[in-house]
Amino acid sequence: LHAVERFAQRVSQALLAVCEDPVLRLRMLGTPQASVHGRALPLSPRQLEILCLLALHPEGMDLERLHAAIYGDRTVGVATLKTEVSQLRERLGGAIGSRPYRLLVNWQADFMDLEQALNAGRVETALACYRGSFLPRTESPLLRAWRDCLESRLSGAIFRVDDPDLLLNHLGQSPEAIDALERLAEL
């Protein structure tokens with residue numbers, strides 16, 4: 001009986017550890033990519049945008065709100081969005097709930113890691129997370145505004161850095177970072 005109890009306890013701990021690992025990983029800084037259990041998914045840019053919006057809104061989004069976030073004032077029918085979400089749900093094995101649309105699996109997103117690092121004042125971690133612009137080709141008004149805000153916050157953090165080596169490391173990863181060059185010149 002004791003052996004069975006110990007075995008059940010170990011199985012339970014192993015299952016909890018597996019459940020805590022993110023199933024879905026979103027890499028949207030630089031070259032956008034989504035993967036499930038380490039396997040890259042062939043998704044359209046619109047489907048990647050949908051995943052980002054659902055990650056930014058863990059409480060979920062109804063169809064009208066999701067449509068407005070993706071298309072803004074453009075005249076695109078809601079049926080088009082429903083089709084995209086349906087195809088995405090199929091590719092993710094049902095990992096998207098409906099009414100409201102939301103992610104039903106554990107997930108991790110590099111852009112959220114960057115935001116959390118900035119919120120915590122951990123500039124070194126934020127710079128390590130940054131691999132390029134967030135969804136550089138998105139036409140979604142909400143995601144473009146979010147990207148502009150995120151990059152403005154990162155730039156503000158860069159101008160508070162006092163460590164030239166940290167700035168040089170960032171420039172090695174992002175040679176186009178004018179803000180890091182300006183701050184380095186100031187130092």
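User: What should I know before we start?

Analyst: This is a predicted model, in which local features need pLDDT of at least 70, side-chain atom pairs count only at pLDDT 80 or more, and totals for chains, interfaces and linings use all residues. Residues are numbered from 1 along each chain as its sequence is written, and side-chain values use heavy atoms, with hydrogens and water left out.

User: Why is His-57 called buried?

Analyst: Buried means under 20% relative accessible area, exposed over 50% and partly exposed in between, with a 1.4 Å probe and protein chains only. His-57 has 13% relative accessibility, so it counts as buried. You will find His-57 in the loop between α2 (45-56) and α3 (63-71); helices here are DSSP runs of H or I with at least four residues, strands are runs of E with at least two, and both are numbered from the N terminus.

User: What makes the link between His-57 and Arg-65 a polar contact?

Analyst: A polar contact is a pair of N or O atoms within 3.5 Å; within protein, one must be able to donate a hydrogen and the other to accept it, and residues adjacent in sequence count only if both atoms are side-chain atoms. The side chains of His-57 and Arg-65 are joined at 3.4 Å, which is within the 3.5 Å limit by that definition.

User: Why are α2 and α4 called roughly perpendicular?

Analyst: Axes are lines fitted to C-alpha atoms, for helices over the stretch in contact, and angles run from 0 to 180 degrees between N-to-C directions. Angles under 35 degrees count as roughly parallel, over 145 as roughly antiparallel, 65 to 115 as roughly perpendicular and the rest as oblique. Helices α2 and α4 (residues 78-91) pack at about 80°, with axes 10 Å apart, and are therefore roughly perpendicular to each other.

User: What makes β3 and β6 edge strands?

Analyst: Two strands pair if DSSP finds at least two bridges between them. Four strands form an open sheet with mixed pairing, in the order β3-β2-β1-β6. There, β3 (39-40) and β6 (107-109) each pair on one side only. Strand β1 (residues 24-27) pairs with β6 in the parallel sense over three bridges.
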